[in-house]
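Welcome, and please have your viewer ready. We will go from one selection to the next, with a short note at each stop.

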Amino acid sequence: MIYTITLNPAIDRLLFIRGELEKRKTNRVVRTEFDCGGKGLHVSHVLNQYHIPNLALGFIGEQNRPEFLDILNKRAISHCFFVEPAKWTRECFVVISETSSGSTMMPEAGFTVSQKNKEKLLFFIKERVQKDDYVVIAGSPPPEFTLDDFKTLFSAVKETGAFLACDLSGEFLLYAAKNGVDFLKPNEEEVKILGHKANEDVLQNIRLLMGKIRYFVVSLGKKGSYVAHNNKIYRVIAPQVTEKSDTGAGDAFVGGFIAGLFENLSIEEVIRKATSVAASKVQYMDSSTFSLEEVEHFKKEISIIEVEGM
Ligand code: TA6
């Protein structure tokens, strides 16, 4: 079983405009759609497309619970969210131009999670997560979810012996890198902070960090990624695609990567799968849609070069 943990999920309110978003101008919304928001939920969505058993965990607000669950049901996402009374699950406003590419994301902060619900999540992990399971912790934390809270969650997962994948930022990312996880995906800027070698090139920082991280990915956005595994580093060149919305592309990559690992694919096949899922996703306007057929097509268009000098 794969458990995705989205501590601060969102309802993505997709606002479609014509032309580019501009200040001092009335940017009229021509249509509005909704999608699930939150990195762990997007991982769950990818796993569902590959019929890989998974359960989405995290915290949601009671006030707009029906709307949130309706979106999850439409995406057929199985979940066990802990409900915070009298709170609202946040929205993330995603402005998407109908006539050009890219999107602008404006996530609300979300609600403060009660100690009672934090403990419910910990209890669930201790009771349910097995050594052969995977746990994916992804996305930003809710307000006042402290580093100590994260350390407690991190330790609870580590104690199960399950495969631990993290897609985090800031101090949580730093803590995960320092304490060792099975999968981590910083971006090009974050890896320089992690490696404390801001002036060095990415590869130097990867070499410093990859010892404690079984699958270490450095996302380069449209340019692809570096993937370090088993004392090897691969430079992955992503296929060229017509981007409609980059929202959720990184999450789609993580979903494809975890799906590939779960299917016991070779590292090269895992990389191809992850990169192709992300490439397909950016061709869609919402936060999570991708095409299985496009993934099979893109797999052939990806270059993977093993970097020498390890
Ligand atoms: O990565 C895409 C996304 O999950 C969007 O769906 C939107 O909900 C936003 O990111 C939330 O980001 P955050 O970092 O606050 O978890």
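## Stop one: a sheet

Select A10 and then G37, its bridge partner in β3. Helices (H or I, at least four residues) and strands (E, at least two) are DSSP runs, numbered from the N terminus. Before going on, note that this is a predicted model, in which local features need pLDDT of at least 70, side-chain atom pairs count only at pLDDT 80 or more, and totals for chains, interfaces and linings use all residues. Residues are numbered from 1 along each chain as its sequence is written, and side-chain values use heavy atoms, with hydrogens and water left out.

Now show β2 and β3 together: they run antiparallel and are joined by eight bridges.

## Stop two: the largest pocket

Next, select D246, G248, A249, G250 and D251, the closest to the centre of the largest pocket among its 44 lining residues. The space there is about 1100 Å³. On a 1 Å grid over the protein atoms alone, a pocket is an open set of points where a 1.4 Å probe fits, with protein on both sides within 12 Å along at least five of seven lines; lining residues have an atom within 4 Å of a point. The volume is the space filled by probe spheres set on the points, which are joined across faces, edges and corners.

Which helix gives the most to this lining? Colour α8, which supplies four residues. Elements with at least two lining residues each include β2 (10-17), β6 (90-97) and β7 (103-107).

## Stop three: helix α5

Move to α5 (residues 170-179) and pick out its buried residues, F172, L173, Y175, A176 and A177 (buried means under 20% relative accessible area, with a 1.4 Å probe and protein chains only). Their cover includes α4 (147-160), β9 (163-167) and α6 (188-194). Just after α5, check G180, where phi is positive at about 85 degrees.

## Last stop: V129

Finally, find V129 in the loop between α3 (115-128) and β8 (134-138). Is V129 buried or exposed? Its relative accessibility is 7%, so V129 counts as buried. Leaving out residues up to four places away in sequence, V129 touches Y3, F124, V135, T160 and A162 (contact means heavy atoms within 4.5 Å).

Technical notes: Buried means under 20% relative accessible area, exposed over 50%, partly exposed in between (1.4 Å probe, protein chains only). Two strands pair if DSSP finds at least two bridges between them.
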